[in-house]
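Please look over the sequence and the structure before reading on.

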Amino acid sequence: MTILILVVVIYNIYLSIDIRNLLKDKFQYRLPLHYYDEIGHTPFIKFTIGVKDYIFIIDTGCADCLIDNKVFDEITTINELTLQDKTDYTVTGVHGPVESQTNSVILELKIDEIKFIQEFNSYDLSTALLQINKIIGSNCAGLLGTKFLSKNKAKIDFKHKVMLISKHDLYSK
């Protein structure tokens, strides 16, 4: 009888505790997100590229990762990066598609000891980012789209203001 009671108690404890939540820091990176009240619930994240910090908007509606032309020129010049050939590129936003040419570059993004390798396309985002730059008080470098988010199996935890990135491919099986 005591064994049955003990099993029931342990089972009830098991049901009330999500084991993954207890161990989630062992399995996930918790990258800090930044929010600005004037912009609403749009998350921003700060990465170091080379020796300088850059702020990116996390944009789940953007397929690619875009970087503003001015920031692109600065990063490629300072870090002496090799550019890929210019290609035709179409950006489709709320105002419809816009044809352009773009350079693309592979960048190493860092937060503390965590490193990510991501391809970015350069694009003139100055008009789109003008109001955001006024609000945040610095230059937003670009948009971090779903290519980055899906590649890294990212989850945004709005409540705790963090992006969760799996350290291992634990949940894909």
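A residue is called buried when its relative accessible area is under 20%, exposed when it is over 50%, and partly exposed in between (1.4 Å probe, protein chains only). Cys62, with a relative accessible area of 11%, is therefore buried.

The model is predicted: local features need pLDDT of at least 70, side-chain atom pairs count only at pLDDT 80 or more, and totals for chains, interfaces and linings use all residues. Residues are numbered from 1 along each chain as its sequence is written, and side-chain values use heavy atoms, with hydrogens and water left out. Helices (H or I, at least four residues) and strands (E, at least two) are DSSP runs, numbered from the N terminus.

**Cysteines**

- A disulfide is a pair of cysteine sulfur atoms within 2.5 Å, and the structure holds 0 disulfides.
- Cys62 takes part in no disulfide, and the nearest cysteine sulfur, that of Cys65, is 7.2 Å away.
- That distance is too far for a bond between the sulfur of Cys65 and the one in Cys62.
- Cys65 has 2% relative accessibility and so counts as buried.

**Salt bridges**

- A salt bridge is a side-chain nitrogen of Lys or Arg within 4 Å of a carboxyl oxygen of Asp or Glu; by this rule the count is 2.
- One of them joins the side chains of Glu74 and Lys52, at 2.8 Å from N to O.
- This pair links distant parts of the chain, with Glu74 in helix H3 (residues 69-78) and Lys52 in strand E3 (residues 52-58), 22 residues apart.
- Glu74 is partly exposed, at 27% relative accessibility, and Lys52 is partly exposed at 38%.
- A salt bridge also joins the side chains of Asp64 and Lys147, with 2.8 Å from N to O.
- Asp64 lies in the loop between E3 and strand E4 (66-68) and Lys147 in helix H5 (residues 146-151), so the pair ties together parts 83 residues apart in sequence.
- Asp64 counts as buried at 14% relative accessibility, whereas Lys147 counts as partly exposed at 46%.

**Helix H4**

- In helix H4 (residues 126-136), the buried residues are Leu129, Ile132, Asn133 and Ile136.
- Seen down the axis of H4, these residues fall within an arc of 105°, so they line one face of the helix; the arc is that of the directions from the helix axis to the C-beta atoms.
- Thr127 and Lys134, on the other side of H4, are exposed.
- The cover over the buried residues of H4 includes strand E2 (44-49), E3 and strand E9 (140-144), where contact means heavy atoms within 4.5 Å.

**Aromatic rings**

- Rings of Phe, Tyr and Trp (its six-membered ring) pair if their centres lie within 6.5 Å; planes under 30 degrees apart count as stacked, over 60 as edge-to-face and the rest as tilted.
- The whole structure has 7 aromatic pairs.
- Tyr36 and Phe44 have ring centres 5.2 Å apart and planes at 85°, so this pair is edge-to-face.
- Phe44 is buried, at 0% relative accessibility.
- Phe47 and Phe116 also form an edge-to-face pair, 6.1 Å centre to centre with 75° between the planes.
- Their pair links distant parts of the chain, Phe47 in strand E2 and Phe116 in strand E8 (residues 114-123), 69 residues apart.
- Both Phe47 and Phe116 are buried.
- A cluster of Phe47, Phe56, Phe116, Phe120 and Phe148 is linked by ring pairs.
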